[in-house]
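Subject: Handover of a structure and its findings

Dear colleague,

Please find below the structure that I am handing over to you.

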Amino acid sequence: MLRIRSRMQPSLPPCNYSAVPYQGPTAEEILALRQQHLSSAIFHYYRKPLLIVEGKAQWLFDESGRRYLDGFGGIVTVSVGHCHPRVIAAARVQNETIQHSTTIYLHPNVALYARDLAARMPGDLKVCYFVNSGSEANDLAVLMARAYTGNFDFIALRNGYHGGTAATMGLTSPHTWKFNVPQSFGVQHAQMPETYRGPYGADDPDAGQKYAGDVQSLVQFGSSGRIAGFISESIQGVGGAVVLPPGYLQHTYAHVRAAGGVCIADEVQTGFGRTGTHFWGFGAQEVIPDIVTLAKGIGNGCPLAAVITTPEIARALATRLHFNTFGGNPVSTAMGRAVLQVIDEEGLQQNCANVGAYLKAELGTLATRHSIIGQVRGQGLLLGVELVKDRTTKQPAREECAVVFERCRELGLLIGKAGIAGNTLRITPPMCVTRADADFMVAVLNQALASL
Ligand SMILES: Cc1ncc(COP(=O)(O)O)c(C=O)c1O
């Protein structure tokens, strides 16, 4: 519960683990090496870059052994907690047995994992194709949709993020992630279905249906009338935890299917129980997609991603040779299986629901004290706090957001930033965080906001 204390620094909840003394190069040395040998496109957070050398559960440790609460989960990727012993054991055993074989030979892990993953999917979503990243998964999903439908045109959403490869950059919408190459060939972006700034607000019960009307309009006025597909996140993550209004996907999917297209759910951030109420984010919209893409939390940090679809759509890809060297690797699939087991055994979806609802409510209370908070949104442990200079004009508080972000780090909390204006704080911790951790996050944010 939010207790307004003095200027005393909030104390981290206790942890019985201490970091192993670090003996590697200093932060300055690593930064110098990065500047010399890594692409300058690889950016880092914080004015003074942070060196993180160890992780345990929801905790991160810097080179001095200082502990931080991880409120970002390695960009929504550490699902069951850093270095979870079950996941590490699965990787170790498999690494000592056989690390790589490819799918040209039989191996139990890829087959058993595909069975386990398919068992979590609704409807006829029973066939998996494993790849290594979210971009690759979305790229392949688009290929499948085009191969299956024989159509080319695609519809994605404004403010959506689907990856940074040439093809997925075309699906991604914010200009900040797009280069001036012909990456959006055949892709159009429908109106962003958001009820904070958009024309149809949260008080409009038909907002979902109205925003979906723009997808229909693009089919009618921006395509041949027959499209290959539609892709969207179930909650826009990089876009700032933007939740789709109720009914949006039901209406949109109907328009897409009427135009011959298939519906792709990008569950890269919203999958594996993070949203709390459902194992997959699309569940909250009461739809069953034709193709689902998974990455990030699927492997708790190992390079694993998947495309899951129906047997019928999957067959379309069998008309040519298609291959992925590392996809379905014995080690990454062993880790993926362990992640699924841990989510069940530790009740992590329920934890996302409980701690997420508690944290969101506490952030709501914080909003009553700090008028710079324009909106608290999201679901489960995928939350966003948008900062605005003025609640009426909703002018993004970009600079203030940067200050709060830096101050949180100083106080021991690492979170993310999102949205095209960089004015939304993203809170997506490992799914094992506790209410005490939530209290710490709120206390830190309260102090950071008060310092503005
Ligand atoms: C919703 C979503 N889809 C796809 C991707 C791309 O995943 P990757 O960075 O693994 O290629 C991301 C990455 O942030 C994402 O958030």
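The model is a predicted one, in which local features need pLDDT of at least 70 and side-chain atom pairs count only at pLDDT 80 or more, whereas totals for chains, interfaces and linings use all residues. Residues are numbered from 1 along each chain as its sequence is written, and side-chain values use heavy atoms, with hydrogens and water left out.

The ligand site

Helices (H or I, at least four residues) and strands (E, at least two) are DSSP runs, numbered from the N terminus.

A ligand nitrogen is 3.5 Å from a polar backbone atom of Tyr161. Taken alone, the ligand exposes 390 Å², and the protein buries 83% of that (Shrake-Rupley method, 1.4 Å probe).

The aromatic rings

The whole structure contains 13 aromatic pairs. Rings of Phe, Tyr and Trp (its six-membered ring) pair if their centres lie within 6.5 Å; planes under 30 degrees apart count as stacked, over 60 as edge-to-face and the rest as tilted.

Tyr17 and Phe61 form an edge-to-face pair, with 5.7 Å from centre to centre and 65 degrees between the planes. This pair links distant parts of the chain, 44 residues apart: Tyr17 is in the segment before helix H1 (27-37), and Phe61 is in strand S2 (residues 59-62). Phe61 is buried at 1% relative accessible area, while Tyr17 is partly exposed at 24%. Buried means under 20% relative accessible area, exposed over 50%, and partly exposed in between (1.4 Å probe, protein chains only).

Tyr113 and Phe130 are stacked, at 5.2 Å centre to centre and 20 degrees between the planes. Tyr113 belongs to helix H4 (residues 108-119) and Phe130 to strand S4 (residues 127-131), so the pair ties together parts that are 17 residues apart in sequence. Both Tyr113 and Phe130 are buried.

One aromatic cluster is formed by Tyr45, Tyr46, Phe72 and Phe405. Arg409 lies over the face of Tyr46, 5.1 Å from the ring centre.

The loop residue

Gln183 lies in the loop between helix H6 (166-171) and strand S6 (187-190). Gln183 is buried, with a relative accessible area of 12%.

Yours sincerely

How values were computed
Polar contact = N/O pair within 3.5 Å; in protein donor to acceptor, adjacent residues only side chain to side chain. Lys NZ or Arg CZ within 6 Å of the ring centre and 35° of its normal.
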